[in-house]
Amino acid sequence: MRPETLAVGADDSPFQATFSLRQGLIAGLKRRDDAFDTDYLKGHGLGKVEMRYRTGGGDWQFAASLDSDDVRQVRVDDEDQPRDIVVDYDADSTDAKGIRGFSLQEHFRLDGDRLHWQITLRNRLSEPLEIGDLALPMLFNTDYVRDSLTTYTQRVVRHSHIAGHGSFVVALRPNGVGPFLAVLPDADTPLEYFERTPGMGAWEGVYTAFVHSRASGEAETRGAWRLPHTSRTLQPAGQQGDTAVYRFDLLWADDYEAARQALYDAGLLDIQVVPGMSLPSDLFAQLAIRTRQPIGPDSLAVEFPAQTTVEYL
């Protein structure tokens, strides 16, 4: 009988993961030889995918990978020492919240110091299919307890920045001791929206990052949102444009400076602000932006030009 979970990792990889074959996701994630042996995830961890989709401009339909057990197929390269796992949803689920009309594939692969996570959507219908939400719930180990030693060494704090192509998510221990777990989207996978479902007591709950958010974001009534809410239309099956691919890299950073360097190396923005992000209207601030992307004289745009002056130093 196949086990419910697999231990993923190898002696040459810094990752030690627990993969749930029953749920098709990463349930636990540790750094090899970590002094505190902290699991940075909790339960459902990483790999759950939620979508809202429609055809012909109709009502949005909801689908989730966790609700598609009846069509989930998991392929593993080596069950004794797995490094490459593919999870396929390639048929119509009978569950009311299951995947239907399109295929979802998740590919988890260890490669050197990286854990690659690739998400592929493919239209199986003979008409265009619009993906209004592509949401990725992330369940980090944020269930804080009264015992300070447990909270500071066995729990993590999530730091996230949702800013299109400059987005990232980082998890670190409350004691500030590395490693930091960085979740970095690649150049074709901007994040544009987030939701947080509060947990009970001192547990942060589920943090959900959106690659596309037209269905949920345009229904938001609590205030203005600076990023556009996008969708992705998949062309009919067999035609060019019937497939969309999204990618993330997971890596460990030894400390805060290494985490900043990881952002720079990934082509993202390493930003420092003095004296801080919030300041009186008559006070100057200095920004240091380090990136591999070109910065021209018109690269910085201000939201309130009548009240804001930008000077390049």
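Before anything else, I noted what counts as an element here: helices (H or I, at least four residues) and strands (E, at least two) are DSSP runs, numbered from the N terminus.

I'm working on a predicted model, where local features need pLDDT of at least 70, side-chain atom pairs count only at pLDDT 80 or more, and totals for chains, interfaces and linings use all residues. Residues are numbered from 1 along each chain as its sequence is written, and side-chain values use heavy atoms, with hydrogens and water left out.

**Entry 1: the cavity**

On a 1 Å grid over the protein atoms alone, a cavity is a set of points where a 1.4 Å probe fits but cannot get out; a pocket is an open set with protein on both sides within 12 Å along at least five of seven lines, and lining residues have an atom within 4 Å of a point. Points are joined across faces, edges and corners, and a volume is the space filled by probe spheres set on them.

The search of the whole structure turned up 1 cavity of 30 Å³ or more. I get about 60 Å³ for the largest cavity. Its lining includes Val8, Phe19, Arg83, Asp84 and Leu115. β2 (15-20), β7 (84-89) and β8 (102-111) each put in at least two lining residues, and β8 gives the most, with 3.

I sorted that lining by class (Ala, Val, Leu, Ile, Met, Phe, Trp, Tyr, Cys and Pro as nonpolar; Asp, Glu, Lys and Arg as charged; the others, Gly among them, as polar). The count is 8 nonpolar, no polar and 3 charged residues.

**Entry 2: two single residues**

Is Leu181 buried or exposed? I found Leu181 in strand β13 (residues 180-185), and it is buried, at 1% relative accessible area. My cut-offs: buried is under 20%, exposed over 50%, partly exposed in between (1.4 Å probe, protein chains only). I also checked Leu181 against Glu50: they are 131 residues apart along the chain, and their C-alpha atoms are separated by 23 Å.

Val302 sits in the segment after β19 (286-290). Val302 counts as partly exposed because its relative accessible area is 32%.
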